[in-house]
Amino acid sequence: MPSDDRAARAEIVSFLRGRVAEKIRQPTEQVLETGHLIRDYGLTSLDAVVLSGELEDRFGLELEPTTLFDLPSIGRVADAIADRVAPDRVAR
Amino acid sequence: MSRFYVGLSVSGHDPAFAVVDDAGRVLFAEATERFLQDKRAWGAAPDHPTHLGDVLATLPLDDATVVVAASWAHAKPSDEEIAGRAANAPDTAAPVESDGFVTAAQLSWLRHLQRQLFAGVGAHLRTIVPDDRLEIRRYDHHLAHAAYAAASSPFDDATCVVIDGEGEVGSTSVFDLRQRRLQRRWRSWGPGSLGAYYSWLTSLCGFDWRAGEEWKVMGLAALGAADPVLVAALVNTLVIDRGRPVLAGPDAFAAARAAAAPFVRRRGAPVEMAAVLAASGQAAYAQLADRVVGAALPDGGGGALVLSGGCALNSAYNGTLRRRFELAAVHVPCAPADDGNAVGAALLAWLDAHPEQGLPRGVASPFLGTRPSTREVAAAARHMGGAGVHAAGDTAAHVARLLADGRIVGVMRGAAEFGPRALGHRSILADPRRPEMKDEINRRVKGREPYRPFAPAVLAESASDWFDDAQPSPYMSFALRWRGGAHDRVPAVVHADGTGRLQTIAADENPWMHDVTTAFARLTGVPIVLNTSFNVMGKPIAHSVGDALAVFGTTGLDALVLDDVVLEKPAAATT
């Protein structure tokens with residue numbers, strides 16, 4: 001993975017962990033990159049949809065409607081979209 | 001080798017098809033409801049063999065490649081897929097939930113229709129065009145809305161806002177148009193939807209959104225006074241987060257239901273009972289839409305705005321936009337709802353094949369549909385027993401005289417309008433000066449509810465004499481406030497709230513209607529004619545010469561224009 005993408009990936013992971021932690025009212029450290037968003041953290045389908053919108057807004061990209069259902073861990077989502085992050089949305 | 005782009009609107013409602021050629025010209029566009037004579041044509045395929053076949057037969061398809069372009073990028077999930085997702089979510093109770101505005105069963109039905117139509121894209125065309133010359137493409141729903149809206153606008157640069165029931169992931173998208181190229185800035189995700197809100201409002205008012213009765217709510221809104229407490233409760237059903245509509249949740253929804261309860265009208269009860277609810281619901285819609293549009297516009301106002309999606313049919317709201325947001329201009333396409341996506345998808349396929357170009361120009365004309373069969377027109381002129389036939393010379397001047405004499409005239413001339421409005425090619429015209437004319441048209445021809453307004457068609461060059469803040473409105477997209485005195489001069493086209501959903505007629509865009517209205521002005525001093533769609537209550541606009549003759553023969557229409565033939569009943573026959 002090119003270094004730009006690695007930086008983007010790290011920011012996506014950090015963003016998602018923060019947002020999931022907020023939704024489930026747990027400290028960020030409790031939210032792992034490898035956890036299943038719905039099974040492990042109890043996100044509802046609606047939560048996943050809202051989170052998809054937040055991801056788009058934050059990183060200036062467009063997701064498939066089912067990305068967060070098809071790739072249900074934070075790490076796998078980040079792997080899949082890191083190379084599509086808009087350049088101005090990541091501190092480099 | 002030539003290429004054609006066939007756009008298909010496959011939402012499951014308002015199907016339509018469009019054909020764009022390799023120069024980016026729209027050769028044809030028409031909603032399937034016209035051909036089927038079934039309003040909104042729920043569940044019908046947009047590529048009906050006869051409807052599409054007649055148009056394809058006029059194209060040199062022998063060695064052409066046909067690109068089929070669908071108006072959705074994805075099929076909606078099935079009930080089973082949704083249940084599967086929910087099974088992973090421990091606290092999700094029902095697999096298919098109501099979003100508050102639309103019932104679970106209705107949502108399931110809507111998704112089912114979309115899935116069915118989406119799956120069928122190209123299946124019929126494969127029987128006509130061999131596979132090696134057929135390409136199938138699928139485009140984002142809101143992008144298709146935006147493409148048609150922006151292409152039909154005169155702007156190089158604008159903010160383009162799409163608001164409808166639901167796209168792939170949500171109800172609202174905002175695009176930047178820069179040098180005729182579109183780029184999405186953001187879109188909303190999830191079930192917050194102004195379109196769904198308006199469907200719900202339509203149901204509460206005792207009307208049926210599946211029949212497209214949102215019009216009735218908009219018309220009725222002028223008769224009631226908005227109740228501020230009710231307006232606030234309705235507004236609270238949605239949170240507009242940086243322009244993105246989000247459902248406020250069950251508590252806000254229950255509160256809105258409770259506030260609306262005293263004003264709810266049962267289907268079949270007198271319509272006036274719902275006037276306060278309609279007015280309040282429309283006022284709430286305006287507040288919500290303002291928050292969307294305000295968030296989309298750079299610096300909250302100014303510049304040019306393109307508005308599309310089904311919600312862009314709200315002409316009462318549209319008419320307030322220019323002044324409130326200090327816009328240089330507003331454009332709403334002639335078919336902002338899902339029928340228009342047939343053109344939008346075809347244009348997107350064209351753009352993919354011409355990446356060096358921006359959106360094509362010259363796609364602003366709404367006259368894109370079927371023409372009257374010349375054979376049938378000639379037969380009607382020959383065999384219409386009992387009717388006088390005027391078949392020579394200047395039909396426009398002749399029709400203007402009929403109108404000035406108080407006659408009600410049906411018109412079927414040239415290519416049909418694309419979109420819901422009759423703009424002079426499939427219209428019923430009448431004299432707007434006569435106070436009794438509205439009731440006459442309803443009694444003798446249309447059978448519509450008496451509170452619903454009829455629209456004025458006004459010469460573009462005279463619009464500012466008659467309307468405050470006059471702006472181009474070639475497709476009746478904007479209801480504007482009449483200037484003082486109009487109520488005395490053209491009472492049949494002034495709505496209860498002092499507005500008119502005007503059509504501005506420019507000589508180069510709509511020459512025959514311009515001629516009629518100019519001749520009418522010469523006779524009467526009024527550059528305005530009443531223009532309503534050529535249909536009877538509950539039916540789509542007349543499609544074939546036979547449809548037009550049926551309305552002529554079974555209603556009190558005084559005269560019927562079929563291209564350059566005018567059929568007239570004896571003067572005493574129609575009252």
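Me: Which residue in E18(B) is the bridge partner of B:Ala457?
Reply: B:Gln503 is the partner in this predicted model.

Me: Which strand is joined to E18(B) there, and how do the two run?
Reply: Strand E16 of chain B, residues 455-459, is joined to E18(B) by three bridges. The two run parallel.

Me: How many bridges join E17 to E18(B)?
Reply: Four. Strand E17 covers residues 478-481 of chain B and runs antiparallel to E18(B). One pairing is B:Arg481 with B:Thr499.

Me: Is strand E18 of chain B enclosed or open, and why?
Reply: Seven of its seven residues, 499-505, are buried, so strand E18 is largely enclosed by the rest of the structure.

Me: Which residues point which way?
Reply: B:Thr499, B:Arg501, B:Gln503 and B:Ile505 point one way from E18(B). B:Gly500, B:Leu502 and B:Thr504 point the other way. All of them are buried.

Me: New topic. What is the mean pLDDT of chain B?
Reply: The mean is 94, and 97% of the residues in chain B reach 70 or more.

Me: Where is it below 50?
Reply: Over residues 91-96 of chain B. That stretch still has 14 contacts in the model beyond near neighbours in sequence. Where pLDDT is low, the predicted coordinates should not be read in detail.

Me: What about the complex, what ipTM and pTM does the predictor give?
Reply: An ipTM of 0.93 and a pTM of 0.96.

Me: How many residues are in contact between chain B and chain A?
Reply: 16 residues of chain B touch 14 residues of chain A. On the chain B side, six are nonpolar, six polar and four charged.

Me: What about the largest nonpolar core, which residues touch the most other members?
Reply: The core has 186 residues. B:Ala18, B:Ala69, B:Ala147, B:Ala150, B:Cys160, B:Ala346 and B:Leu347 touch the most other members. Helix H10 of chain B, residues 275-296, gives the largest share, 14 residues.

Me: What is B:Ala147 in contact with?
Reply: Leaving aside neighbours within four places in sequence, B:Ala147 is in contact with B:Leu182, B:Gly344, B:Leu347, B:Leu348 and B:Leu359.

Me: What does the second core include?
Reply: That separate core has 24 residues, including A:Ala8, A:Ala48, A:Leu51 and A:Ala78.

Me: Domains now. Which ones is chain B divided into?
Reply: Domain 1 is 3-150 + 342-353, domain 2 is 194-331 and domain 3 is 374-573. The centres of domain 1 and domain 2 of chain B are 27 Å apart, taken over C-alpha atoms. Their contact takes 11 residues from domain 1 and 14 residues from domain 2. The domain 1 side divides into six nonpolar, two polar and three charged.

Me: Where does B:Asp299 lie?
Reply: In the loop between H10 and strand E11 (304-308) of chain B. Phi of B:Asp299 is near 60°, a positive value in a residue other than glycine.

Me: Buried or exposed, and why?
Reply: B:Asp299 is exposed, because 6 other C-beta atoms lie within 10 Å. The cut-off for exposed is 12 or fewer.

Me: And B:Arg242, buried or exposed?
Reply: Exposed, with 12 other C-beta atoms within 10 Å. B:Arg242 sits in the loop between strand E9 (238-241) and strand E10 (244-247) of chain B. Its phi is positive too, near 50°.

How values were computed
Residues numbered from 1 in each chain as written. Chains lettered and ligands numbered in written order. Predicted model: local features only at pLDDT ≥ 70, side-chain atom pairs only at ≥ 80, totals over all residues. pLDDT = per-residue confidence, 0-100. Contact = placed C-beta atoms within 7 Å. Buried ≥ 20, exposed ≤ 12 C-beta atoms within 10 Å, placed from the backbone. Pairing = 2+ DSSP bridges. Nonpolar A, V, L, I, M, F, W, Y, C, P; charged D, E, K, R; others polar. Core = buried A, V, L, I, M, F, W, Y, C linked by C-beta atoms within 7 Å. Domains from an automatic or database assignment.
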